[in-house]
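Please look over the sequence and the model shown below before reading on. The report after it is meant for someone who meets this structure for the first time.

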Amino acid sequence: MSQSNRISGGLIDRSQTLRFHFDGLPYLGHPGDTLASALLANGVRLMGRSFKYHRPRGPISAGSEEPNALVELRSGARQEPNTRATVAELFDGLTAQSQNRWPSLKFDALAINDRFNSFLTAGFYYKTFMWPASFWEKVYEPIIRRAAGLGSLTKLEDPDTYDKGFLHCDILIIGAGPAGLSAALTAGRSGARVILADEDFRMGGRLNAETFELGDQAGSAWADGAVAELSSLPNVRLMTRTTVAGAFDHGIYGAVERVSDHLIEPAPGKPRQTFWRIYSQRAILTGGATERPIAFENNDRPGIMLAGSLRAYANRWGVAVGDKTAIFTNNDDGLRTARDLQSKGVDVVAVIDSREGGELLPGIRHLRGAEVMGSAGRLGLSSITVRHADGKTEVIKATALGVSGGWNPNVNITSHHRSRPIWRDDIAAFVPGSGEIANLSVAGAAAGTLSTHGALVTGDEVARAALASLGLTATAANLPKAEDAPVRITPMWYVKGSNRAWIDSQNDVTVKDIKLAHQENFTSVEHLKRYTTLGMATDQGKTSNVLGLAVMAGLTGKSIPDTGTTVYRPPYTPVALGALGGRGRGQEFKPFRLTPSHKWAQEQGAVFVEVGYWLRTQWLPKAGETTWRDSVDREVLATRKSVGICDVTTLGKIDIQGTDAGAFLDKVYANTFSTLAVGKCRYGLMLREDGMVFDDGTTARMGQNEYVTTTTTANAVTVFRHLEFCRQVLWPDMDVQLISTTEAWAQFSVAGPNARKLLQKVVDQDISDAAFPYMGAGNITVGGLRARLFRISFSGELAYEIAVPTRYGDAMIRKLMEAGAEFDAVVYGTEALGVMRIEKGHVAGNELNGTSTALNMGLGKMVSRKKDSIGMVLSQREGMTRDDGLRLVGVKPVNPAAELKAGSHFLKTGVAAKAENDDGWLTSLVYSPHLGHYIALGYLKDGSNRIGEKMRAVNLLAGTDTEIEIVSPHFIDPEGERLRA
Amino acid sequence: MPDFILNPITALGHATPEVDIIGPWTITERADVALASLAVRRGRLGDVQTSAAAVGLPLPAAGASASGALYSAFWMTPEMWMVEAPFASHEDIRAHLLPAFGDAASITEQTDAWVRFDLAGADLPRLLERLSNFDLAKAAAGAATRTVMEHLGCYLIKRTDTLVTVYGPRSSAQSLHHALIVAAQSVL
Amino acid sequence: MIIHHPILGPRDAQEFVYLGDASLIGRPDGLTASIEDFHNYTYLRDNPAGAHRELWYHEQGDRSWLVVTRNTVTHEILQVELARDVARAEGRSK
């Protein structure tokens, strides 16, 4: 297909031709094109259907403000919905589909909505889908979602990666138009670290879309020169295809760089996009301005667009949108479009100027005091109806209409901290309010200075001020002479008498909807937005918000500033969730922590479980085992019968030294450690200040002023944080030093009747009961290597924990297994560990749930009242010390064959299963292979006095009601004889 | 006494350290450095400084590292440093340091708490800006900081413009290594 | 947010863990204070719109606890001190 609407000139590379497809049809374009410019060059104006009425739509803009020309770009897993054709850079092989239409763009069955428009006005959803409430989710929402929507998701996994990164600069400049380039030159030449970011793939902003000169150069040539100079400066980083999406506190800005969106697919290893966190000392917003339309009847036909965009398509992309073009304007900028188009040979059939007086364009039919009343043309503009100053109407044939209602400075980022823009009558637009964003200044069109000369000058000035505040000196700027036309505008927002005149074409909000909102008293701006959906969705009202506000102001009789303005929030333009997620997806969601025995366990075919970042062996299946229970039962029985080994490196280890180390531990633990003998361990209970149990673990005294404390795996980080708080803040002069040694030592539990025999084969010292008694601790050697041994047990068996420096951990597990072969030693995983601790009645995470006291756990006596410790006082509160409070108990089913259910609650026999009859709950449940039936731990009211009582374990979710007996939580060796063997 | 020795493996799980060359960058796992934390006990700074000077152990200022003939060190927190020494001669680094410092300092072996990667090559900020918010380009040679890389708390030391050391948690050596490799390929 | 660490200079607030009101420095002595005292210490907080003294922990940095005086309305940070220094100034040296 030929590029029928391509005209001369433009910043496209005609020496290369790019092939692309839209809705299955092939087209040609050139490097430098966007999808929209290339389609327009091919005579395609129809690019989408509207959100609610499914009206045919084409682009109204040539930039990121585009509400209409949204397409699904690419196909398969890389398909991306709601891509603005106006900013999608053309590449060879591009494919795009129109969206929100069925069966085709030219015939859309849901366009029937347009015929029923009188029912689909503002507040339609609120009024229609009210009752019954049960219909909201099941009936109404699916209907609404099907009928009103944008693009579709493929539901395939995104094959591309996204990166994150961090950048630092003295001055961040947002937008590389004339003001941004001027600011960047001034800042860059001074030696400051500068980042200049622009959402476009070509820097220059409007300079690329205009015909006027800077000095004796074309605007785009001057921009190219500025960019060339900036790229030669090592202190300047130029970032094209980069949208600064949000302003955050203290000079931090978020920006998305579209690294590979202009390629058919990213190069190997490269991200599609990178989300940058930019740390700036100063920031300068030079984001330009966005033109706004004038509303009139049926102003949404393809071919009707913003006048400045029509000009941009002609000047930058060499595209005449229509063969006969008309302009509708209320300001001088519309006249510039007419002049530019005419000089490019485009047939400008009329300029409809709502103003009575002013300049008269030579050689063009310039109708002053006239208005466009309406338009005609199925699927695209064919004619407009004009009302002349004398009231006569005329139909004028036109296939393109440029509309200019004035320009709105892009204030968006300045209001990200809730600063409200302020109204300026002279340009009939909002400009940035006095900044709540510290160290952000605004220049050029974004600040309401709409001439090129003004942009260059204010860009330089603002950069100069920023440099001065940083203590840097700027060299004199060498600004070229540039156009300095004044803004001449007579505000006119919509053509009187029009109803279905589109304000927000993305959300199908018309003048009529705003009238209805006014009639129903939704006159506040925030209500107006929500009632009509004005300014919502992907474009966030960049072309529509001010217009809607002005219409409402007209209806209420208030001024525009009195009517209000909305505050823009991040992001400036849509940001893909993938970019925010970065690499954190799938296997890369978080880092893994691997235990020292991981490599060995992997070789053995271990099943791993995620415990925080850790991967721990959950169980280690042997040949012939078909279920996890087969493996776990075997591991438990083998350990209790002979010996089992478990990697317990994941438990937090904190080295605590200093002359006050013992006194410090007395403060942070409920029980006492200052009296612990060197070479011994003790179990400790750490409380929170509110008296609840925080953590538990053993602490060993390795020397007079040296302790090693262990924490639970889950709380390793929070306990360390808490200890630092106690050390620095509560007792700032205690002589105590802390450091984590969790990863420094590979630690293995060796448990079971043969534990000592096994260990004696690998350690160099005598570890007989006499030489190394229960709760002993000390430095030993393993084949001459420094190691640590602790005689502690979680399983209830004779047990030790032995630690070697981590790099030897792999060799250690192999050595232990080799030495244990004669005892049929097994490795047991976290499941068997859990079974054995429940059999023994030790508390763990399920019991240490943040709402349990030492008394609840049956450990009330551990809380020493002879010394001050965290949580000691509040643990004595009346409600927490009642005799009939919750106590840890053991539970077993009366029928040994019965299964218990996790989450069950304890009830007396014969009472209704209601909350008021609840006597407690089951916390931990396992099948005990040792006892041959299920066992559980739980908290039961007055539990210590109810041992032997028959009750019920009721689980209403599982529908079970099982008879149980309350027993001691110590199912195995309650006297602890095995430990001391 | 049992007659065997345990053979060490590196943090990445091999008998010898891994070296990866990606574009201009060389990423080298280092298993040949012994580490110990050294913290001043209350009121003993003078003693620690004297002892440190005697053994040639530098005690750099906050945010810095310094190298000595045998011992190097980087700052961790007020009155606490991480000491580096050759593993071959100082594997039991605490045993080497204790006699010099006595009860003036709390010394803890840290060697195997960390995995060390040395990143060598030009334009290292371009690589590390994908991973860390530390302003490496602006930092002077010798700067040392704690920083987060892909959720992992690491120490980052700028030895020179073309050499950076990263210490990360040893258990996450593979994840950190993966992050370094992926970042290098991404910005290559 | 950027927190100007008294030792390390500007650091991203992402490196810190927030605890809350700096009144937590003033922990009563457990051997002399009443349950009521501890109740007030543990649970009662001011929630000002404006300047607020807060405890922040530089977990991904040098592990210093800081007292950050921050305007809760604007996020402006007015002062940053080492919590240990504040604690000593408030008489917590033993």
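## Basis of the report

This is a predicted model, in which local features need pLDDT of at least 70 and side-chain atom pairs count only at pLDDT 80 or more, while totals for chains, interfaces and linings use all residues. Residues are numbered from 1 along each chain as its sequence is written, and chains are lettered from A and ligands numbered from 1 in the order in which they are written.

## Chain A as a whole

Chain A has 21 helices and 50 strands, where helices (H or I, at least four residues) and strands (E, at least two) are DSSP runs numbered from the N terminus. Along the principal axes, the C-alpha atoms of chain A fill a box of roughly 115 × 70 × 55 Å.

Of the 981 residues in chain A, 56% are buried; a residue is buried if 20 or more other C-beta atoms lie within 10 Å of its own, exposed if 12 or fewer, and partly exposed in between, with C-beta atoms placed from the backbone. Among contacts in chain A between residues at least 6 apart in sequence, 66% join residues at least 24 apart, a contact being two residues whose C-beta atoms, placed from the backbone, lie within 7 Å.

## Two helix pairs

Helix α5 (residues 178-189) and helix α6 (residues 219-232) of chain A have axes that come within 10 Å and cross at roughly 30 degrees; axes are lines fitted to C-alpha atoms, for helices over the stretch in contact, and angles run from 0 to 180 degrees between N-to-C directions. That crossing makes α5(A) roughly parallel to α6(A), a description used for angles under 35 degrees. The contact joins A:Leu181, A:Ala184, A:Leu185 and A:Gly188 of α5(A) to A:Ala223, A:Ala226, A:Glu229 and A:Leu230 of α6(A). By class, this contact of α5(A) with α6(A) has six nonpolar residues, one polar and one charged; Ala, Val, Leu, Ile, Met, Phe, Trp, Tyr, Cys and Pro count as nonpolar, Asp, Glu, Lys and Arg as charged, and the others, Gly among them, as polar.

Helix α7 (residues 307-317) and helix α8 (residues 332-343) of chain A have axes that come within 9 Å and cross at roughly 25 degrees, which makes α7(A) roughly parallel to α8(A). The residues in contact include A:Leu310 and A:Arg311 of α7(A) and A:Thr337 and A:Asp340 of α8(A). By class, the contact of α7(A) with α8(A) has four nonpolar, four polar and three charged residues.

## A sheet of three strands

An open sheet in chain A has three strands in the order β21-β22-β23, with antiparallel pairing; two strands pair if DSSP finds at least two bridges between them. The edge strands, each pairing on one side only, are β21 (371-376) and β23 (393-397) of chain A. Strand β22 (residues 383-387) of chain A is joined to β23(A) by five bridges, and A:Arg387 stands opposite A:Thr393 in β23(A).

## Backbone details

Most residues other than glycine have a negative phi, and most peptide bonds are trans. A cis peptide bond, with omega about 0 degrees, joins A:Pro570 and A:Pro571. A:Ala428 has a positive phi near 50 degrees and is buried, with 23 other C-beta atoms within 10 Å. A:Asp942 also has a positive phi, of about 55 degrees, and is partly exposed, with 16 other C-beta atoms within 10 Å.

## Chains B and C

Nine residues of chain C are in contact with nine residues of chain B. The side of chain C that touches chain B has two nonpolar, three polar and four charged residues.

Terms used. Angles under 35 degrees count as roughly parallel, over 145 as roughly antiparallel, 65 to 115 as roughly perpendicular and the rest as oblique.
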